[in-house]
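Open the model in a viewer and keep the selection tool at hand. The stops below go from side-chain pairs to strands.

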Amino acid sequence: MSFSRISIWAFAIICFFSAGCANIAAPTGGPRDSIPPVLIQAVPGDSTLNFKSDRIVFTFNEYIDIQNVHENLIVSPTLKNMPIVDHRLRTITVRIKDTLDPNTTYTFDFGNAIRDINEGNVFKNFLYLLSTGDYIDTFSLTGKVVLAETGKVDSTLIVMLHRNMDDSAVVNERPRYYTRLNGEGYFSFRYLAPGTYRLFALKDESSLRRYMSPTQLFAFATDSIVVNGNQQPVMLYAYAEEEDEKAGRTRQQLSISNFIQKADDKRLRYQTNLQGNMQDLLSDLILSFGRPLTNFDSTKLQLTIGEFKPVYYQFEADSLNKNFTFKTRWIPDSTYNLIIGQDVGEDSLGNKLTKTDTLSFRTEMESAYGSLRIKFTNFNPSAKQVLQLVSNNVVAYSIPITSGEYFAPLFKPGDYEIRILNDSNGNGIWDPGKFFGEYRQPEIVVSFEKKLTVRANWENETTIEL
């Protein structure tokens with residue numbers, strides 16, 4: 001045995017018995033693969049003419065996987081039956097079940113369905129093109145979809161083109177073409193056949209590509225779209241005619257309507273909208289019972305201040321005698337008492353108060369608020385515009401813009417999103433559109449990127465360009 005081999009064995013033995021030698025680590029394998037699969041071959045080739053086959057085979061340079069193909073793959077024009085898509089090792093096979101229309105350009109948009117099997121690198125926006133005739137259609141249509149009520153974007157909506165001009169087609173038929181929105185709300189149709197179309201967008205949770213309910217987000221172009229190479233980008237404003245009851249209720253309404261009462265509890269239960277037993281100077285006091293009251297006696301409700309001095313207030317009850325509102329001019333940093341008489345009424349299960357309840361609470365101090373001054377540039381007296389200040393996705397303030405400046409000596413602190421409602425009918429609230437029978441577009445809300453921050457005990461000022 002040579003000297004060098006003896007030395008190596010001796011070193012190994014020493015390392016085995018010695019705690020001071022370093023551990024031998026496994027190789028790391030190098031940097032992570034971040035390159036998506038590469039298409040090597042398509043049979044028939046991309047942009048093939050006079051297509052007669054019923055299958056397409058794609059071969060890639062590495063093993064691939066397909067995810068959510070039915071959600072990702074868009075075939076235009078729309079087929080009656082989705083193609084069967086299989087993958088094995090490095091190939092994808094698309095089997096077409098329909099008879100394709102003659103002299104028609106078809107696109108197969110795989111979206112983000114294709115990725116490599118090891119690292120999951122996505123082969124993004126893969127588009128394959130074929131024609132059953134001897135030419136490729138080259139027309140396109142672009143545009144954007146915005147949520148009319150918020151000025152925001154919902155990229156889960158789809159955009160559709162119908163050849164049938166009847167209004168009922170959007171309910172009864174699948175579109176001729178449809179496409180997705182990108183993250184900024186833009187859409188693009190490519191390789192369209194020339195002609196006249198109806199343009200729509202909608203929230204397609206059922207995957208039927210049809211307008212199924214007035215609670216569904218929906219948008220339409222008032223005029224038909226003539227695709228001839230000269231059309232301009234189109235803006236669509238999506239709305240829902242009817243709001244889902246749960247989605248439409250504010251957080252405050254939810255907080256005063258969720259009562260949990262055991263079946264054997266016979267006491268009349270109630271709660272208020274007080275936060276930490278403090279009354280907001282700018283809000284009304286709301287008393288809410290778990291169930292509607294019968295035999296209700298409004299004289300058994302009293303609002304007092306300090307040592308039970310009566311307070312002038314306006315009182316409103318809803319139609320069910322369930323929610324009661326007290327309107328008054330609150331004095332800052334003061335103690336109030338809401339007296340609920342034992343005989344105020346009983347709920348639908350016969351539950352009553354066992355005694356007269358007195359609820360004591362305090363009002364906020366003025367220093368808990370800030371003043372707010374907003375100057376509007378480009379103010380137009382004839383424009384019907386409303387400033388909406390939004391907190392936690394709820395419109396907290398709707399302020400009609402009637403002059404070039406708005407001032408509030410007391411304003412609730414917080415961070416607000418700024419929106420401007422173009423209030424065409426002047427009722428102060430956003431109104432949805434109506435497609436069937438009216439072709440009425442929704443009122444449009446513009447959302448601003450900059451936020452409004454109101455600080456307590458501070459003179460807050462800002463400028464908004466209309």
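A residue is called buried when its relative accessible area is under 20%, exposed when it is over 50%, and partly exposed in between. Keep in mind throughout that this is a predicted model.

Start by selecting Arg440 and Glu438. They form a salt bridge whose closest N and O atoms are 2.5 Å apart. Arg440 has a relative accessibility of 37%, so it counts as partly exposed. Glu438, at 43%, is partly exposed as well.

Next, select Lys352 with Glu346. Their side chains meet in a salt bridge, at 3.5 Å from N to O. At 44% relative accessibility, Lys352 is partly exposed.

Move to Asp154 and Lys203, where a salt bridge of 3.0 Å, N to O, joins the two side chains. Asp154 sits in the loop between strand 10 (139–147) and strand 11 (158–162), and Lys203 in the loop between strand 14 (195–202) and strand 15 (218–220), so the pair ties together parts that are 49 residues apart in sequence. Is Asp154 buried or exposed? Its relative accessibility is 17%, so it counts as buried. Over the whole structure, a search finds 17 salt bridges.

Now select Arg419, in strand 33 (residues 414–422). Arg419 is buried, with a relative accessible area of 5%. The side chains of Arg419 and Glu417 make a polar contact at 3.1 Å. Show the surroundings of Arg419 too: leaving aside residues up to four places away in sequence, it touches several residues, including Glu149, Lys152, Leu387, Gln388, Val445 and Phe448.

Strand 7 (residues 105–109) is joined to strand 9 by 5 bridges.

Finish at strand 28 (residues 357–363). Strand 19 (residues 278–279) runs parallel to strand 28 and is joined to it by 2 bridges; Gln279 stands opposite Thr363. Strand 26 (residues 335–340) pairs with strand 28 in the antiparallel sense over 6 bridges. Here the bridge partner of Ile340 is Asp357.

Terms used. Residues numbered from 1 in each chain as written. Predicted model: local features only at pLDDT ≥ 70, side-chain atom pairs only at ≥ 80, totals over all residues. Heavy atoms only, no water. Pairing = 2+ DSSP bridges. Helix = DSSP H or I, 4+ residues; strand = E, 2+ residues; numbered from the N terminus. Buried < 20%, exposed > 50% of the residue type's maximum accessible area, 1.4 Å probe, protein only. Polar contact = N/O pair within 3.5 Å; in protein donor to acceptor, adjacent residues only side chain to side chain. Contact = heavy atoms within 4.5 Å. Salt bridge = Lys/Arg side-chain N within 4 Å of Asp/Glu carboxyl O.
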